[in-house]
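Good morning, everyone, and thank you for making time for this short talk. Please have a look at the sequence and the model on the screen, and then we will go through a few places together.

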Amino acid sequence: MGLSAVLSVVLLFAGIILVLKAVRMVPQGYEWTVERFGRYTHTMEPGLHFLIPIVYGVGRKINMMEQVMDVPSQDVITKDNAVVKVDGVVYFQVLDAAKAAYEVATLEIAILNLVMTNIRTAIGSMDLDESLSKRDEINAKVLVAVDQATHPWGVKVNRIELKDIQPPRDLVDSMARQMKAEREKRANILEAEGHRQSEILRAEGEKQAAILEAEGKREAAFREAEARERLAEAEAKATQLVSDAIAGGNVNAINYFVAQKYIEAFKALAEAPNQKFVMMPMEATGVIGSLAGIAELAKHALGPEALERQGAARTMPPPSPRPGG
C-alpha cells in the first residue's frame with residue numbers, strides 16, 4: 001500500500017469524525033448549551049442541529065424536566081430546645097438552561113443546602129407542638145425562601161414537603177401520656193356534664209309533677225268546696241222551709257226535722273268503719289212520735305180533699321160475693 005492510500009484512509013476517517021462532530025441531536029426534555037472557543041453563545045433545543053467542528057462545541061447538557069431530590073435526615077433544635085429529626089423531598093425544574101449551567105457550579109448541591117438551611121430556620125422558630133401540627137406552614141415558608149434564592153439560577157422550585165418529623169423517644173412517651181390525660185379529662189367532663197343534665201331533667205320532671213299534683217289538689221278542693229256549698233245551700237233551704245212551716249203554726253214540722261237528723265246520725269254511727277256491731281238503748285216512742293209528726297205533715301201537704309177521699313175509701317162497704325163464688 002502506498003503513501004497515497006494511507007493518506008486517503010486518514011482523510012476519510014477525519015471526514016467522518018468531522019461530520020459526527022458537526023451533527024448534533026438533542027433529545028426531548030433536555031437543552032444543550034453551545035460554546036465557541038469556550039464562550040457561551042446560544043442554547044440548542046430538542047431536535048437536530050449542525051455545528052462547525054473545532055470552532056463550536058457542546059458546553060452543558062441540562063435536564064429541563066421536573067426533578068425530585070431527597071433531603072437527607074438532619075437534627076433540628078426547636079424553639080423550646082427539643083431535638084427532632086427532619087427529612088423531606090424537593091420538586092424543582094430548570095427554566096433557563098444557560099443560568100443553570102453558568103450561574104451556579106453544582107445545582108443540586110446548592111438547592112439541597114438551601115432547603116436544609118431553611119428547614120432548620122423554620123422549625124427553629126417554632127415550639128415542638130407547633131412544628132408537629134403546622135407542617136403545611138413550614139413547607140410554605142421553606143418553599144418561598146428557596147424559590148426566591150434559586151430564581152437567579154433559572155430554577156423554579158415547585159414543592160417542598162417534609163416527609164417525617166421525629167421527636168426523641170422520651171418526648172413521644174410524654175406526649176402520649178399527655179394525650180391520654182387530656183382524653184381522660186375530657187371524658188370526665190363529659191360524664192359530669194351528662195350527670196348534671198340528667199339531674200336538671202329529673203328536677204324539672206319532679207317540679208312539673210309537683211305542679212300538676214298541686215293543680216289536681218286545688219281542683220279537687222275547689223270541687224269539694226263547691227259540693228259542700230251546694231249541700232249547705234240545700235240544707236239551708238230545707239231548714240228555711242221547715243222554719244216557715246213552724247212559723248205557720250205547724251208544730252209537727254219540728255218533729256220531722258228532728259227525726260230526720262236523728263236517723264242520719266244513727267246511720268252515720270252504724271256505718272263507721274271501726275264498728276262491726278252496735279248495741280245501744282233507744283226509746284222507740286220518740287221515733288214513733290217523730291213518724292207521727294211526719295204523717296201529720298203529709299196530711300197537711302195533701303190538703304182537705306185528699307183526706308176526704310181517704311176517709312171515703314175507709315167507710316166504703318166491702319163488695320158482695322158473686323153467686324156461685
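Which residues form a nonpolar patch on the surface? In this model, which is a predicted one, the patch is made up of Val9, Leu12, Phe13, Ile16 and Leu20, and together these residues have about 500 Å² of accessible area. Let us take one of them, Phe13, which sits in helix H1, the helix that covers residues 3-22. Phe13 has a relative accessibility of 52%, and because exposed means over 50%, Phe13 counts as exposed.

Now I would like to turn to a pair of helices, H3, with residues 107-124, and H5, with residues 135-150, whose axes come within 9 Å and cross at roughly 140°. H3 and H5 are therefore described as oblique to each other, and the crossing in which H3 passes H5 is right-handed.

Staying with helix H5, we find Val144 there, and this residue is partly exposed, since its relative accessible area is 46%. Between Val144 and Asn118 there are 26 residues of separation along the chain, while their C-alpha atoms are separated by 9.8 Å.

Finally, where is Pro168 found? Pro168 lies in the loop between strand E8, residues 155-166, and helix H6, residues 169-247, and with 26% relative accessibility Pro168 counts as partly exposed. Pro168 and Lys85 are 83 residues apart in sequence, and in space the distance from C-alpha to C-alpha is 8.3 Å.

Definitions and conventions: Residues numbered from 1 in each chain as written. Predicted model: local features only at pLDDT ≥ 70, side-chain atom pairs only at ≥ 80, totals over all residues. Heavy atoms only, no water. Patch = residues over 30% accessible without salt bridge, like charges linked within 9 Å, V, L, I, M, F, W, Y side chains within 5 Å. Areas by Shrake-Rupley, 256 points an atom, 1.4 Å probe, with all protein chains shown as cover. Salt bridge = Lys/Arg side-chain N within 4 Å of Asp/Glu carboxyl O. Helix = DSSP H or I, 4+ residues; strand = E, 2+ residues; numbered from the N terminus. Buried < 20%, exposed > 50% of the residue type's maximum accessible area, 1.4 Å probe, protein only. Axes fitted to C-alpha atoms, helices over the stretch in contact; angles between N-to-C directions. Parallel < 35°, antiparallel > 145°, perpendicular 65-115°, else oblique. Left-handed = near helix turned anticlockwise from the far one by under 90°.
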